[in-house]
Amino acid sequence: MTLKVPDAWQKGEWINLLIAIPAGIIAALVTIAFRGAISGINDVMFTDGTDITKAFLEYPRGVWPLITTAGGIIAGFILLWALNVERKHGNMPDYLDVIDQRLPGIPLGSTLLRAASSLASIASGGSIGREGAMVQLSALSGSLLGRFSRFQGLHQSDVIAMAAAGGLAAVYHAPLAGALFVAEIAFGVTAVQRLIPLFISASVAVLTVRSITDYEPLYLFSSATFSPSPGAIVTVLAIGVVTGTLGPLFIGSIDKVRQWMKPISHPALRLGLGGLAVGLVAMVSPLVLGNGFEVIDLILNDGDLHTSLLLLLLLKIVATAITVGSGAVGGLFTPSLLIGAASGALVCTFLQWLGFDPGPMGLYAAIGMSALLAATSHAPLMSIMMAFEMTLNSSLLFPLMLATAISYVVASRLKAGGTYPVLTRHNARFAAKNEFEYSPVASLITPCSKMVVDSTLAEVVSEGLKQRTRYVYVVDRQERFLGVVPTNVLASGIIDGSLKADGPIADFIEQEFTTLYQNASYEQAWAMFSDSPLERLPVLENAESRRLLGVITKASLLNKAKNFL
């Protein structure tokens with residue numbers, strides 16, 4: 001008995017599975033090295049640089065803006081260096097654009113320079129995520145791996161996708177979320193053939209991190225259990241609505257700061273001013289410094305923040321908007337998680353004040369993390385899995401799904417743009433494909449020439465030559481479609497004398513001819529054109545009247561299809 005390999009698993013797919021293993025390992029090593037670089041710089045700057053929000057306390061508050069400003073200036077000069085390199089060799093594409101558009105690869109020089117700029121911002125307390133540079137460097141490692149690979153049929157963009165999934169998984173110890181992120185954001189799909197290599201790479205990356213470092217879940221929160229009481233359900237629903245509204249406002253604040261900073265062309269000056277502003281904000285509360293990892297842990301476990309939740313939420317939004325809006329290189333994942341955690345905890349606190357008893361505040365902070373991340377990233381599946389994998393609390397799965405779905409819907413209804421521009425292209429392609437599948441061809445109908453059944457042969461030939469059409473459509477006096485007459489056959493007969501020019505056309509009508517009805521979809525029309533050599537087809541009102549409305553052309557369908565192909 002012969003085992004037949006499914007078509008989906010041909011040679012190219014097996015190569016993808018094999019290359020996913022080294023892609024995941026290298027991505028994990030890159031994230032470990034970048035994290036080590038941050039720790040090394042902070043160890044030089046502080047006695048204990050493991051927690052940036054506490055490390056700054058070693059210096060007087062008046063010095064904090066100087067540190068953040070210096071970091072911003074250094075980051076700006078490095079970014080300027082990167083921009084000069086890109087002006088000579090072409091702009092550096094984001095790894096998501098490389099994956100989506102199947103670009104050749106990621107440039108080495110500008111990527112390393114941008115990572116160094118991000119390193120300066122992060123080490124000096126900038127309110128920005130570390131994962132942005134880590135995943136971009138992981139994607140670069142995948143690009144290099146694909147470039148030097150000798151496997152035939154291996155797409156470099158696929159290896160970049162695997163490495164990016166591995167990098168994100170290694171940062172957050174969340175293999176499922178890392179794979180789903182690339183599938184949702186970069187590919188815009190969750191097809192099994194593309195998900196499996198991503199799962200392998202992400203899992204191998206996390207295993208590599210666990211083997212080399214002291215592993216533990218980022219936010220272990222398995223002691224508390226979610227109980228679906230009425231108060232708990234109300235809290236979950238409220239978190240979904242609040243975060244779905246707050247997410248777009250957060251992204252909008254970043255865009256607003258970016259517009260304010262736009263007149264400042266020099267990156268060093270722009271990032272220096274951004275660093276100064278963040279330092280001043282940090283003087284109100286040092287908890288806004290860094291990506292927010294340590295603060296999330298405090299919120300989840302009911303630690304002493306020394307700052308009200310509302311003030312922390314507002315200050316973190318301001319600090320992150322300033323850092324990102326000034327042009328700092330980095331990500332928004334962890335800042336979004338912190339803003340979400342504070343939002344969830346605030347909703348819980350407010351409902352407790354109203355007399356509800358939803359349960360431990362940390363549970364709702366974790367739910368808020370997922371919900372707000374979905375509102376900013378527009379990747380709900382990834383957001384759910386990330387919060388679940390980071391907390392390892394199985395009772396959270398149901399409320400995570402509910403709040404995240406509501407948040408995503410609310411943010412989408414507000415028509416807010418997400419963190420990743422590539423999603424706009426995916427959504428446009430999805431909308432175009434959906435239109436193609438269900439929209440009727442009536443909107444594409446154009447007028448056409450037609451002849452009544454009592455016309456002469458000469459009149460039909462004249463009309464066909466004038467319109468330069470192979471067939472002339474024939475109708476009766478009520479515009480009912482009767483068939484077509486081949487122009488070339490009649491013209492040849494009149495020329496050689498076998499047909500009389502003033503003869504009737506009734507005997508030459510071909511009744512069996514492909515037609516469309518006006519309620520047919522674009523997709524149905526496409527299928528008919530695929531089986532026909534014709535460049536246009538007649539469109540009839542319906543099967544009963546058969547009234548000829550006009551024609552639809554193959555070119556008009558191709559114009560619609562190009563929006564998603």
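**View 1. Strands S2 and S3, an antiparallel pair.** Let's start where strand S2 (residues 471–475) meets S3: 5 bridges join the two, which run antiparallel. Strands here are DSSP runs (E, at least two residues), numbered from the N terminus, and two of them pair if DSSP finds at least two bridges between them. Look for Val472, whose bridge partner in S3 is Val485. This is a predicted model, in which local features need pLDDT of at least 70, side-chain atom pairs count only at pLDDT 80 or more, and totals for chains, interfaces and linings use all residues. Residues are numbered from 1 along each chain as its sequence is written, and side-chain values use heavy atoms, leaving out hydrogens and water.

**View 2. The open sheet S1-S2-S3.** Here 3 strands line up in that order with mixed pairing. Strand S1 (450–452) and strand S3 (481–486) each have a single partner strand, so one side of each is left without a neighbour in the sheet.

**View 3. Helices H19 and H20 with the strands.** Helices are DSSP runs too (H or I, at least four residues). Helix H19 (residues 457–467) packs on the sheet and touches S1, S2 and S3 (contact: heavy atoms within 4.5 Å). The direction of H19 makes about 170 degrees with that of S1; axes are lines fitted to C-alpha atoms, for helices over the stretch in contact, and angles run from 0 to 180 degrees between N-to-C directions. Helix H20 (residues 487–496) lies across S2 and S3, at about 50 degrees to S3.

**View 4. A parallel pair, S4 and S5.** Do find Leu516, which stands opposite Val539 in S5. In total, 2 bridges join S4 to strand S5 (residues 536–540).
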